[in-house]
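Please examine the sequence and the structure shown here, and then read the report on selected local features that follows.

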Amino acid sequence: MTLALLLALPLAGALLLAVFGARRRAPELNIAASLATLVAAIALAAQVIGHGPMLLWREQFLVDAFNVFLVVLTAFVGLTTALFSRPYMRIEREHGRLTPGRVRLYHSMYQLFMFTMLLALLTNNLGLLWVALEAATLSTVLLVSLYRTPASLEAAWKYFILCGVGIAQALFGTVLLYLAAAKVLGADGSTALLWTHLYAVREQLEPSVLTLAFVFLFVGYGTKVGLAPLHNWLPDAHAEGPTPVSAVLSGLLLNVALYAVVRCKVLVEGSTSASLPGRMMMAFGLFSVVVAAFLLWRQRDIKRLFAYSSIEHMGIMTFAFGMGGPVATFAALLHMTVHSLTKSAIFFAVGHAAQKSGTQVMDEIRGLLVQSPAIGWGLMLGSLAILGMPPFGVFASEFLILTTAMRQQPWATPILLLALGVAFAAVFRRVQPMVFGETTLKRLPHPPALVPVFAHLLLVLMLGLYIPPFLSEWYRAAAELLR
């Protein structure tokens, strides 16, 4: 019942907002749907904590420690982004950048996107997982192109084509998985794509077919993760779409795509007892960190800057999952959480800063601390957090990943440290004058609504100082599932 409610709420919200999304109270309806989704997600998590993993609806849906914590994180960021988008989209509409029809499209596609994210996380069927991620691509293409400018349309088409090619590779990998599983699980193939059944017989599956399947799955879903060199869609999509869309792309979509990769890695490593999946993930992850760190220096647009930061951090997570082991997996899950919270908080602050300044060009944004101390401090603290400054949670997760790399992959440690140092310098040299630089603009008469920014940063700070026992146990249980 709880699972049905969790999936039905955003879908019903999408249908309602497709009709009423241009009305005055549409933002409140969007917030209400997101709040109800979060309550349902927490209730589902409580059931899993109390009763263990659950298989529901003829085994088509699986809820365990790994995906349920991502479900709660997704619902929480979905709510705070809906709260942020209420004043942000109102200002965009008042400035004439959005028509009522496009506002309605934004609200309905936002809830549809939340539905696809939750469906992808909760399904036990790898075929349905592929369908959900393809639906997520289609809904976010419409969100990226919302302004209908030449640049936004180009970004949307690039996103659609590159991710479409990637998702086609993932489809071929899924077909190969089915072929390998059908020989073991029966001729009718009714359970050949159910993850739990595949996991149970993973040692009986043909290793060569599964290895080839993982290559296609990794390239396909890795495109949506934004791993280099498959990342070209991501900076454009972030820069040209509305800021709330940038927040959910970085905070949610990339996590869910990486979740799909990790689920496939567990299957293939269990079958082949080989290190190819882990080595592929480490190689692509490390390459992404290095490429993103150096490309950060070339950016002039503030949203593109933090888009490349997302590529860097997804590379760190992919590298950690590739290393495997309880500590590295625990650290990767923690990094998933703190990156999602921090990066969405940064985009909230960036959205207000760009709106108030009338530009996304960093050289033209100065003196945010004078114009609005809330925006200035929000951007600075968020930047310090994402750069791994203690005592924020990103420091804790990166420290665990680096210390694990020193033991398991010592060759990679200096490369990671160099890339993190380059990224720190690149971001800090850009953000510091934006916040503390001189400006002739007057202070804003009203403070912006930045409660979501500081709520996220407070959680990230807490996770750097103290991880609650229930959350720590949650991460450990998820890490155990991914051995």
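The buried residues of helix H15 pack against helix H12 (302-323), helix H13 (326-357), helix H14 (368-371), helix H16 (393-408), helix H17 (413-436) and helix H18 (451-465), where contact means heavy atoms within 4.5 Å. Helices are DSSP runs (H or I, at least four residues), numbered from the N terminus. This is a predicted model, in which local features need pLDDT of at least 70 and side-chain atom pairs count only at pLDDT 80 or more, whereas totals for chains, interfaces and linings use all residues. Residues are numbered from 1 along each chain as its sequence is written, and side-chain values use heavy atoms, with hydrogens and water left out.

Helix H15 itself covers residues 373-386, and its 14 residues reach 20 Å from the first C-alpha to the last, close to the 20 Å expected at 1.5 Å a residue; the expected span is 1.5 Å times one less than the number of residues. H15 is mostly covered, with 10 of its 14 residues buried, among them Ile375, Leu379, Met380 and Ile386. Buried here means under 20% relative accessible area, exposed over 50%, and partly exposed in between (1.4 Å probe, protein chains only). Just after H15, Gly388 takes a positive phi of about 90°.

Helix H17, one of the packing partners of H15, contains Pro433. The C-alpha atom of Pro433 is separated by 6.3 Å from that of Arg366, although the two residues are 67 residues apart along the chain.

Thr123 is placed in the loop between helix H4 (100-122) and helix H5 (126-144), and Thr123 counts as buried because its relative accessible area is 8%. A polar atom of the Thr123 side chain lies 3.1 Å from the backbone nitrogen of Asn125.

| Residue | Residues touched |
|---|---|
| Thr123 | Gln60, Phe61, Leu62, Leu128 and Leu129 |
| Pro433 | Ile365, Arg366, Gly367 and Phe428 |

A nonpolar surface patch of about 560 Å² is made by Leu138, Leu153, Trp157, Phe160, Ile161 and Val165. Patches are made of residues with over 30% relative accessible area and no salt bridge, and nonpolar side chains (Val, Leu, Ile, Met, Phe, Trp, Tyr) are joined within 5 Å; a salt bridge is a side-chain nitrogen of Lys or Arg within 4 Å of a carboxyl oxygen of Asp or Glu. Helix H6 (residues 150-185) supplies the largest share of the patch, 5 residues. Phe160 belongs to H6 and counts as partly exposed because its relative accessibility is 33%.

Note on methods
Patch = residues over 30% accessible without salt bridge, like charges linked within 9 Å, V, L, I, M, F, W, Y side chains within 5 Å. Areas by Shrake-Rupley, 256 points an atom, 1.4 Å probe, with all protein chains shown as cover. Helix = DSSP H or I, 4+ residues; strand = E, 2+ residues; numbered from the N terminus. Polar contact = N/O pair within 3.5 Å; in protein donor to acceptor, adjacent residues only side chain to side chain. Lists of a residue's contacts leave out its neighbours within four places in sequence.
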